[in-house]
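Please open the model in your viewer and keep the selection panel at hand.

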Amino acid sequence: MTSLFAGYDHSGAWDEMINSDGRIRRRFGPVAELLANLSRSEIEARVDSVNRSYLDQGVTFDFAGEERPFPLDIVPRVLKEDEWQIIEAGVAQRVRALEAFLEDLYSQQLCISEGVIPASLLLSSKELLRVAFSIHPPNGVRIHVAGIDIIRGQDGSFRVLEDNVRVPSGVSYVLSNRRAMVQTFPELFAQMQIRSVEDYPRLLLQALANAAPGGKQDPSIVVLTPGVYNSAYYEHSLLARLMGVELVEGRDLFCQGGYVYMRTTAGPRRVDVIYRRVDDEWLDPVKYRFDSLLGVPGILDCARRGRVVLANAVGNGAADDKLVYTYVPDFIRFYLGEEPIIANVQTWRLEEPEARAEVLERLDELVVKPVNSSGGKGIVIGPVATATELEALRNKVSADPRGWIAQPVVQLSTSPTWVEDGFGPRHVDLRPFAVNNGEQVNVLPGGLTRVALPAGQLIVNSSQGGGSKDTWVLGRDATRRSVTAVVQQAAQRVGSTTHRSTRPVPRTVNPRDDESENYGQQQQQQQQQQQQRRRQSQSQQQLQQQRREAPC
């Protein structure tokens, strides 16, 4: 493509942007063309612009005890409309099945009596909470927000890697990434049909309002945060602000008479729905951690009485268990009567003697994960582990087989990522966010693409030093309501320093790409439209310049 792609080698993995024969995938055509026509200095200027924007906004994440700007790569991940339809349907299906499982688990437990999942597996789960058996959400929703981690394998097909239905995080970076990318690449948003992600706060607010006790109209809703030292505090504050609700800490709430109240300057105000970002064990010092200063004494009793709704519900961690994950396809068949739209990654249940014996013989070939960990912690990748690490793992698995699962080493798909020497392939996954309002499951078009920044690294989690990409879902129903104004402002700000050069279109953008036979014609039409937009933009800039110079 250009010298910045020199040495780009994605062999062994399915690349999001470049085919195995070196051609650009059609959906990435405009992105590849723009990158090819920017010099290194122009790209670095846009990279610096993104970094400054995030630093100014305080978009940060805690890594190894240090607060850093959240890394956003300037190359987006682009998904076709038909690809997104598969992801959207598969995620919604999975959320419905997990919702049915949790309701059944904390009531009739048909999944056990019908032999769908062993009772011993569930009873040994650390996330199965006794208090959750007596809490029944008013509108039946326990999973108000879900984050389902999806990967693309070497064959280009999608697989579910993990379910997150406790307090999934990361959606704030989806919203912030989009704003930053609109400002950085306004010409691409003007040219491509990219679906909007701006509806998420509205969807979340609607789901929380629908969950209010007794179907209360105009319920009082708050976001409960552990505080400013939490690694996701930026997300908590952003969502509260965008939804127009109060952001509170445990000390701002108290329970009285079976109800939850918020302290305000005008006196106590009753709270109906709490979007809580505090983990189960810290939520109520009366029930669990007596030393917790993050929660509210008595809040679980209020939830049990149906006087307040906790979103997500307590006890959801039982569905997050990575061993329970292996049974989700069975849940889909049992509760929904459907076949899974997106399959799981092949997984060995190490509590099963035959599976454990096989895995212990192949530790150096597989990925072994603790079932209750998150953020990529505790994972051992056999092919890169030392003999000492493998021996320690062997002892741990033998002592606690219930605590581990094993999977093959999946070569996650790669995507061009800006590194020191230019663009290099880096492994990515995708976390789509689903919101359940009790009537339907809405999946935000895009989600968080996480990228492992070190070369060859397969763990993409932010807590392990990973970054992110803006995820663009193409579709005919793209929403540009608010994008148009931002694009115009950004185009003026970018100005002459980031305009396209006259270098030719790279040969690798092939009009006969396997995803479209009309790319060449569409490209010519797009160029004509761009010329027209540039003329209009110049006229607008001249008019604005005249207005600025005009006397008051």
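Select helix α9, residues 233-243, in this predicted model. Its buried residues pack against the helices α2 (40-57), α6 (171-184) and α8 (200-210), and against the strands β6 (221-224), β7 (246-248) and β11 (273-276). To display the side of α9 concerned, show Tyr234, Glu235, His236, Leu238, Leu239, Ala240 and Met243, which are the buried residues of this helix. Then step to Gly244, which follows α9 and has a positive phi, near 75°.

α9 lies across β6, β7 and β11, and runs at about 150° to β7. The open sheet comprises four strands in the order β7-β6-β11-β12, with parallel pairing. At its edges are β7 and β12 (309-311), each of which pairs on one side only. From one strand to the next, the twist averages 30°. Zoom in on β11 and β12: these parallel strands are joined by three bridges. Select Ile274 to find its bridge partner in β12, Leu310.

At what angle do the axes of α2 and α6 cross? The axes cross at roughly 140° and come within 10 Å; the two helices are therefore oblique to each other. The crossing of α2 past α6 is right-handed. For the contact, display Arg46, Val50, Ser53 and Tyr54 on α2, together with Tyr173, Ser176, Asn177, Ala180, Gln183 and Thr184 on α6. Colouring these residues by class gives four nonpolar, five polar and one charged.

How values were computed:
Residues are numbered from 1 along each chain as its sequence is written. This is a predicted model: local features need pLDDT of at least 70, side-chain atom pairs count only at pLDDT 80 or more; totals for chains, interfaces and linings use all residues. Side-chain values use heavy atoms; hydrogens and water are left out. Buried means under 20% relative accessible area, exposed over 50%, partly exposed in between (1.4 Å probe, protein chains only). Contact means heavy atoms within 4.5 Å. Two strands pair if DSSP finds at least two bridges between them. Axes are lines fitted to C-alpha atoms, for helices over the stretch in contact, and angles run from 0 to 180 degrees between N-to-C directions. Angles under 35 degrees count as roughly parallel, over 145 as roughly antiparallel, 65 to 115 as roughly perpendicular and the rest as oblique. A crossing is left-handed if the near helix is turned anticlockwise from the far one by less than a right angle, and right-handed if clockwise. Ala, Val, Leu, Ile, Met, Phe, Trp, Tyr, Cys and Pro count as nonpolar, Asp, Glu, Lys and Arg as charged, and the others, Gly among them, as polar.
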